[in-house]
Amino acid sequence: MNKTETFEKATKGFRAGIPPHRVCITWLINNKCNYRCSYCLNGFEEPPGFRILTPDEWLSVWQEIYNKYGTTSIQITGGEPSVYPRFFEVMGNVGKMHNVELQTNLSFDPRELIDNVSTECVSRVGGSFHPQYAEFGEFLDKMAKLQEAGFKVEINY
């Protein structure tokens, strides 16, 4: 028996009896950020060998996780997740199978999220206010637009 067969035999039926959302994943999608806050310890560039996956490639990865564990709870964070290429398409695809939470500096136009991701798939949008780069009134307006569209929002500061 090879390693794959051994793994499959050992985990057969593993998901049986486990309610949805019992598997929680924190997904650090990237290190990049469009802000350079003086207090941030995060890297601003990707490590050597970092590869950008297409939305279809990510869909395949998250489909495999769904096949093994069912619907999971995924917290998407980064750097800033929205700077990942085609991020909202990726998030929309993942949200079709999993429940997602987004941690973001909200530097993007909220319509990107509203138009591409169902509110039913998002447990929360955690908007992180960074006063070195954002005006509070504009940040608050973006949070209000997301809330009006049906997203549950929380502000981190």
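**Strand pairing around β4**

I began with β4 and strand β5 (residues 153-156), which pair in the parallel sense over 4 bridges. I took two strands as paired if DSSP finds at least two bridges between them. My helices (H or I, at least four residues) and strands (E, at least two) are DSSP runs, numbered from the N terminus. Within this pairing, Ser 128 has Asn 156 of β5 as its bridge partner. To get from β4 to β5 the chain passes through helix α5 (residues 136-148), and this β-α-β crossover is right-handed. For handedness I point the strands away from the viewer and ask whether the path from the first strand over the helix to the second runs clockwise, which is the right-handed case.

A note on what I am looking at: this is a predicted model, in which local features need pLDDT of at least 70 and side-chain atom pairs count only at pLDDT 80 or more, while totals for chains, interfaces and linings use all residues. Residues are numbered from 1 along each chain as its sequence is written, and side-chain values use heavy atoms, with hydrogens and water left out.

I then turned to strand β3 (residues 99-104), which runs parallel to β4 and is joined to it by 5 bridges. Here Leu 102 has Val 125 in β4 as its bridge partner. With helix α4 (residues 110-116) included, β3 and β4 form a right-handed β-α-β unit.

How enclosed is strand β4 (residues 122-128)? I found 6 of its 7 residues buried, so the strand is largely enclosed by the rest of the structure. Buried means under 20% relative accessible area, exposed means over 50%, and partly exposed lies in between (1.4 Å probe, protein chains only).

**The whole chain**

I stepped back to count, and the protein chain has 5 helices and 5 strands. Along the sequence they follow the pattern α-β-α-β-α-β-α-β-α-β. Of the 157 residues in the protein chain, 39% are buried. I also checked contacts (heavy atoms within 4.5 Å). Among those between residues at least 6 apart in sequence, 72% join residues at least 24 apart. The protein chain exposes about 9,200 Å², and carbon and sulfur atoms supply 52% of that. These areas come from the Shrake-Rupley method with a 1.4 Å probe; for residues, only the protein chains shown count as cover.

Among the buried residues I listed Phe 87, Phe 88, Val 90 and Met 91. What covers the buried residues of α3 includes β1 (24-28), α2 (55-69), β2 (73-77), β3, α4 and β4. Glu 89 counts as partly exposed, because its relative accessibility is 35%.

**Charged pairs**

I counted a salt bridge wherever a side-chain nitrogen of Lys or Arg lies within 4 Å of a carboxyl oxygen of Asp or Glu. By this rule the count comes to 8 salt bridges. Glu 89 forms one with Arg 86, the closest N and O atoms being 3.0 Å apart. Arg 124 and Glu 154 meet in another (2.6 Å, N to O). This pair links distant parts of the chain, with Arg 124 in strand β4 and Glu 154 in strand β5, 30 residues apart. Arg 124 is buried, with a relative accessible area of 14%, whereas Glu 154 counts as partly exposed at 31%. Glu 154 also meets Lys 152 in a salt bridge (3.7 Å, N to O). Through shared partners, salt bridges join Glu 101, Arg 124, Lys 152 and Glu 154 into one network.

**Two positive phi values**

I kept in mind that most residues other than glycine have a negative phi. Arg 86 has a positive phi of about 60° although it is not a glycine, and I found Arg 86 in the loop between β2 and α3. Leu 106 also has a positive phi, near 60°, and sits in the loop between β3 and α4. Is Leu 106 buried or exposed? Leu 106 is buried, with a relative accessible area of 1%.
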